[in-house]
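Colleague: I am new to this one. Could you show me how to read a few of its features?

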There are 2 protein chains.
Amino acid sequence: MGRRPTIIDVARVAGVSKTTVSRVVSSNAAPVRAETRQKVLQAIEQLGYERNTLAGGLRTDRTYTVALFIPDIANPFWPEVARGVQDALESEGYAVVLANSDWDADREHEFLAMSRRNRFDGLIINPASVTNEELVANGIPAVVLSLDTDYPDFDVVGSDSYGGTTLALEHLVGLGHQRLGLISGLSRGFQQPSRLTSYVDFLHQHGIPVEDELLVKCPYGQEYGRRSMEQLLSLSNPPTALFAANDILAIGALQAIREAGLRVPQDISLVGMDDIYAVSVTTPALTTVAKQKYELGCQAATFLLEHIRDAAPEHFRRHALPCRLIRRASSAPPS
Amino acid sequence: MGRRPTIIDVARVAGVSKTTVSRVVSSNAAPVRAETRQKVLQAIEQLGYERNTLAGGLRTDRTYTVALFIPDIANPFWPEVARGVQDALESEGYAVVLANSDWDADREHEFLAMSRRNRFDGLIINPASVTNEELVANGIPAVVLSLDTDYPDFDVVGSDSYGGTTLALEHLVGLGHQRLGLISGLSRGFQQPSRLTSYVDFLHQHGIPVEDELLVKCPYGQEYGRRSMEQLLSLSNPPTALFAANDILAIGALQAIREAGLRVPQDISLVGMDDIYAVSVTTPALTTVAKQKYELGCQAATFLLEHIRDAAPEHFRRHALPCRLIRRASSAPPS
DNA sequence: TACGTTAATGGGAACGTTCCCATTGTAACA
DNA sequence: TGTTACAATGGGAACGTTCCCATTAACGTA
C-alpha cells in the first residue's frame, strides 16, 4: 500500500492550499468559509487522511502526551489512581505513558530524561527520590502525587492521611479501646510520616500516654506487617486495637493474629488504610480508611491540564482529598 | 532560559557538521573517527544536548513508543501483565502508552486511530471488539493477548486456560469429587469459551455425565459469581466441588457458600483461576489455577519487538503459557 | 606515478505540519 | 468613488532530525 496521505494531498484534492487544510484540521477558530471547509472535509474523508501528530508536535511543541510516573502499577493502590488519571486525560485527547520507578532513583531520572526527549506536555509523578529542584529543572509542567514531602514549586495532590489516621483512631477509641497499637510504614527518606504524627497528636489530645512499645515502624509489605504484629503480640501487655498504615500491612497483621490463635475483632481490633480490594474479602473483612484513589488521579490530571494550558501560575496548590472510614467486621469493642 | 540546544548547536561547538553529530548520537555503527566522536560527545555534555525524538521520528518513522490496550487496568488481572510488558519494553528504550477500552468498541477504535496518528511502533492488545481485519488495516505491528479468538495474521499470546481448567478438574477428581460445578464466564461475543469446552471434554474422558444444571454462565464479576453459586446451592443435589472461571467469580461463590451457612472446603470445595492477590488472603485461602501474568506481558513484548525489527514474518505464532495449580485451603476431599 | 578503493566528513533535501506574512476580494463607511 | 477594514486564502519558512549523495584524504596496488 502506498504512503499515507498528507495534508498536501488533501489540499490538492480539495483544490485549496495546505494552509487552509491545516486550518480546518486544527480547527481552532480559524476563519474558513463554510463551503471551503466542506470541500476539505470531503477530501479528508475520501483520502482517509489522518493528522501526523509527530510533524505537528515538532512545529508546535505540543505532543498531547502526558507521563504518569509511579512506583509500581502492580501494587494494588496504583491501578485505580492510574485509571483516574487516564480517564481525565484521554477525554481531553491526551495519551498517557506509564512508567514504574520501583523506587529506584536511576530509573526515575531516566524517566525524566525520556519525558524531555519526547517533549511530553506534562507529567504526574509520585516521586521516589526526585527533588523539587530537579523537577523544576526538568522544565515540564508537573503535578506531584504526595503530600508528605516538600514540592513548593508544584501543585501537590494526595490523600489526607493525617486526617484519615485520626478517623481510624477516633473509631477505635469510640469503641472503647485505650491501648492502641500502630504499625507505621517507613517513610522513604523524607520527613516524619503523617500517620505517626497524627497518632501522637491524637493520643496527646485524648490524654492517652504514648508508649513506644506499641509503635512499630517497618517497610510496606505484608511480611513486614506480619512480623511487626508478632512483635506487638509478644508484649506483656499487647494492644487491644491496631491501626496499620496501609492495608497490606494490616493483612500481614491479620495473619499474625490468626497464627497466634487469637481472633479479630474479639481479641484485637484491626483497622487498615487505603481500601484495596483484597481487604473487602478477608475474613473478617477489614475496617479501613478509604482513600479516594480514582479521584486522586482525576484531580492530579485536572491540575496538570490547567498548567499545560495556562502556563505557570504564580502560586501552587496543595490539595488533600479527605479519607473516609469504612466500617467492616474487623473492629469491635474490647471484650 | 533560552531554547533547548539542537544538533546544530552541538555541531558548531564541536566544529563539525550536523551530520557528524547525528552519526554520533544515533551511533549505529556509523564511521566516525574516535577523536571526532570525542569532540562531539564533549560538546553534547557541555551544552546539555538531548535528542528531540519528535524530529527524529518524523524523519525515520520510528517513535520508540508502543501502546498497550487492555480492558481495564483497575481489574486485578492486568497490572501484572502491564508490568511485564513495560519491563520488557523499557529496557529496550521504548515508552509504553496505556489505554483502557472498558470493552467499548468505540473507545477501542479511537485508540487504534490514536496509534496511527502518533505513529506508534507497535501495539499489544487484548481486543474487545476489534477484528483481525481491522487490526491488519491499522497497519501497525501488533501482538494479540488472547487465545480464545481468531487472529490469524498476528502473533497471539495467552494463558492455556483449557489446560488450566483440566488441572483444576483433575485436582478435584483426584480428591474424590464426582459432582463438579462450573461457573463459566461469558465470552465476549466470540467463540466457545475454553474453560467450558475443557470442562465438557474432561467429564467425557472421565466417564462423568455432563449435567446442565451444574453449569452456569455469567458475566465476570463478584456479584455474578455470588448469584450463580446461590443458584447452584439451590439445586436438590448441589455440586460437592466448584471450579470458577476466574478468581473474582470464585470470591463471589465463596460469599454465597458462607451466606448459605456452608463451609469451604468441608461442605464444598472451591477452585478459582488467575491467582490474583486477593485469593491468597481470603479465609480459606483459595486454591487456584495461576496464570503467568507477568510472563504473558514479557512474551508479548518480546514478540512485538521482533516484529518491529524484522518487518513482517510470513507465519504467525501462537504462544500458550501453561497454567500452574496452586493448592491452598479451599479444596479437600468430599466429606 | 597514476588509479581505484575505502574511511571520514559535509551540504542540502526531506519528513509533515504550523506559523508568519502577504495578497485578494468584499463590505462598510465617509 | 475612494478609503479603510476585515474575512478568506495562499506561499514559503521553520521545527530538528536523518538520509542521500558528493567531496576529500589516505592508502595500497599495478
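Colleague: Is N132(B) buried or exposed?

Modeller: This is a predicted model, so every value here is computed from it. Buried means under 20% relative accessible area. N132(B) has 4% relative accessibility, so N132(B) counts as buried. N132(B) sits in helix 7 of chain B, residues 132-138. Setting aside residues up to four places away in sequence, N132(B) touches D150(B), Y151(B), P152(B), D153(B) and F154(B).

Colleague: And how do I read a nonpolar core?

Modeller: In soluble globular proteins, nonpolar side chains tend to be buried together. Here the largest nonpolar core has 90 residues. L180(A), M229(A), L180(B) and M229(B) have the most contacts inside that core. Take L180(A): leaving aside neighbours within four places in sequence, its contacts include L169(A), L172(A), Y199(A), F202(A) and P239(A). A second, separate core has 52 residues, among them V81(A), I308(A), A82(B) and L145(B).

Colleague: What describes a pair of packed helices?

Modeller: Two things: the angle between their axes and the distance between the axes. The crossing is right-handed. Helix 10 of chain B contributes residues including Y224(B), M229(B) and L233(B), and helix 11 of chain B residues including I248(B), I251(B) and A256(B). By class, the residues of this contact are nine nonpolar, four polar and three charged.

Colleague: At what angle do the axes of helix 1 and helix 2 of chain A cross?

Modeller: Roughly 105°, and the axes come within 8 Å. Helix 1 of chain A and helix 2 of chain A are therefore roughly perpendicular to each other. I7(A), I8(A), V10(A) and A11(A) of helix 1 meet K18(A), V21(A) and S22(A) of helix 2. That contact has five nonpolar, one polar and one charged residues.

Colleague: What should I look for in the backbone?

Modeller: Most residues other than glycine have a negative phi, and most peptide bonds are trans. Look for exceptions. A cis peptide bond joins T283(A) and P284(A), with omega about -5°. P284(A) lies in the loop between strand 9 and strand 10 of chain A. Another cis bond joins V264(B) and P265(B), with omega about 5°. P265(B) is in the loop between helix 11 and strand 9 of chain B.

Colleague: And which value does phi of Y64(A) take?

Modeller: Near 55°, which is positive. Y64(A) is partly exposed, at 39% relative accessibility. D275(A) has a positive phi too, near 65°. D275(A) is buried, with a relative accessible area of 18%.

Methods: Residues numbered from 1 in each chain as written. Chains lettered and ligands numbered in written order. Predicted model: local features only at pLDDT ≥ 70, side-chain atom pairs only at ≥ 80, totals over all residues. Heavy atoms only, no water. Left-handed = near helix turned anticlockwise from the far one by under 90°. Helix = DSSP H or I, 4+ residues; strand = E, 2+ residues; numbered from the N terminus. Contact = heavy atoms within 4.5 Å. Nonpolar A, V, L, I, M, F, W, Y, C, P; charged D, E, K, R; others polar. Axes fitted to C-alpha atoms, helices over the stretch in contact; angles between N-to-C directions. Parallel < 35°, antiparallel > 145°, perpendicular 65-115°, else oblique. Core = buried A, V, L, I, M, F, W, Y, C linked by side-chain atoms within 4.5 Å. Buried < 20%, exposed > 50% of the residue type's maximum accessible area, 1.4 Å probe, protein only.
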